[in-house]
Amino acid sequence: MALYRIVQAPFPPSTDDVSRFKEMRLAALQVDQDMYRERYEDALKLTTEEWTSRLTSPHQALFSAANDMEWAGMALLLSPEQLRIMNYGPPPGVLSQEELEQEKEFWVLGSQWTRPSHRRSGIAKLLMDASSAYLRQRGKPVLLGLETKQANERGRAVYRAAGFEERFTMIYSDEAPTVWMVKALE
Ligand SMILES: CC(C)(COP(=O)(O)OP(=O)(O)OC[C@H]1O[C@@H](n2cnc3c(N)ncnc32)[C@H](O)[C@@H]1OP(=O)(O)O)[C@@H](O)C(=O)NCCC(=O)NCCS
């Protein structure tokens, strides 16, 4: 089985990290457009400065899985602060009353993608393990959420296998429905 290194991108990211992130994200949108809300055509128009700024935040953590040749997968953890900046987060109905009262930090796992040639090698699992380890070592209880297309049966199976619960179906007026999933990390 191939060996992969899981690495967290430094802050601020290097030029190399930005260009690998850009290549990876564009490939994800091109190959698997139906799985993402962001449009490939829009991402193609972003300037180098915009890609750099997208990755330059102290409120998020980018994990990559690489072999000797290339990045084979990635995942981006967004903190509550980053979600506020992006004006993004779980709609009402995702968290229970009890969870709301617990006032746990709510983080989002996003931009998860594994290159087709590396799939079913455990990369998504490694990236989710690294994300969970990162959150656990911060020492605060966290609810980790994610939004995936309802039609993404494979993605939903991966997340269920990792312990995420399906909580809420989000209906948009102009795009396909998504499902919010949540996992508690103590
Ligand atoms: C979803 C995705 C990230 C999974 O990546 P991956 O690296 O192949 O996943 P892993 O190898 O770590 O799989 C972990 C577990 O998830 C489950 N799983 C993975 N692929 C699966 C599939 N095609 N069908 C059913 N279960 C699957 C299995 O339980 C698997 O463990 P196993 O191989 O030991 O049985 C990848 O298929 C992908 O990038 N898809 C397109 C983009 C996408 O859907 N991203 C998520 C958007 S929210």
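Which residue is the bridge partner of Leu77 in β4? I looked it up, and the partner is Leu109.

**Ground rules.** I am working with a predicted model, where local features need pLDDT of at least 70, side-chain atom pairs count only at pLDDT 80 or more, and totals for chains, interfaces and linings use all residues. Residues are numbered from 1 along each chain as its sequence is written.

**Overall.** I found seven helices and seven strands in the protein. Helices (H or I, at least four residues) and strands (E, at least two) are DSSP runs, numbered from the N terminus. Along the sequence I read the pattern β-α-α-α-β-β-α-α-β-α-β-α-β-β. The C-alpha trace spans about 45 × 40 × 35 Å along its principal axes. I then checked the radius of gyration: a compact globule of 186 residues would have one near 16 Å, and the protein agrees with 16 Å. That radius is taken over C-alpha atoms, and the globule rule is 2.2 Å times the number of residues to the power 0.38.

**Burial and contacts.** I noted that 28% of the 186 residues count as buried. A residue is buried if 20 or more other C-beta atoms lie within 10 Å of its own, exposed if 12 or fewer, and partly exposed in between, with C-beta atoms placed from the backbone. Among contacts between residues at least 6 apart in sequence, 68% join residues at least 24 apart. Contact here asks for C-beta atoms, placed from the backbone, within 7 Å.

**The sheet.** I traced an open sheet of seven strands in the order β1-β2-β3-β4-β5-β7-β6, with mixed pairing. β1 (5-8) and β6 (165-170) stand at the edges with a single partner strand each, so one side of each has no neighbour in the sheet. The twist averages 25° from one strand to the next. Two strands pair if DSSP finds at least two bridges between them.

**Around β4.** Strand β3 (residues 71-78) and β4 run antiparallel, joined by five bridges.

I looked at α6, which lies across β1, β2 (60-66), β3, β4, β5 and β7 (178-185), running at about 35° to β3. α7 packs on the sheet too, touching β5, β6 and β7, and its direction makes about 165° with that of β5. Axes are lines fitted to C-alpha atoms, for helices over the stretch in contact, and angles run from 0 to 180 degrees between N-to-C directions.

**Ligand shell.** How many residues surround the ligand? I get 21, the closest being Thr114, Arg119, Ile123, Ala124 and Ala161. The elements that give two or more residues are β4 (105-114), α6 (123-136), β5 (142-149) and α7 (153-161). α7 supplies the largest share, five residues. A residue counts as near if its C-beta atom, placed from the backbone, lies within 6 Å.

**Thr148.** Buried or exposed, I wondered about Thr148 in strand β5? Thr148 counts as buried because it has 23 C-beta neighbours inside 10 Å. Leaving out residues up to four places away in sequence, Thr148 touches Gly155, Arg156, Tyr159, Thr178, Val179 and Met181.

Notes: Contact = placed C-beta atoms within 7 Å.
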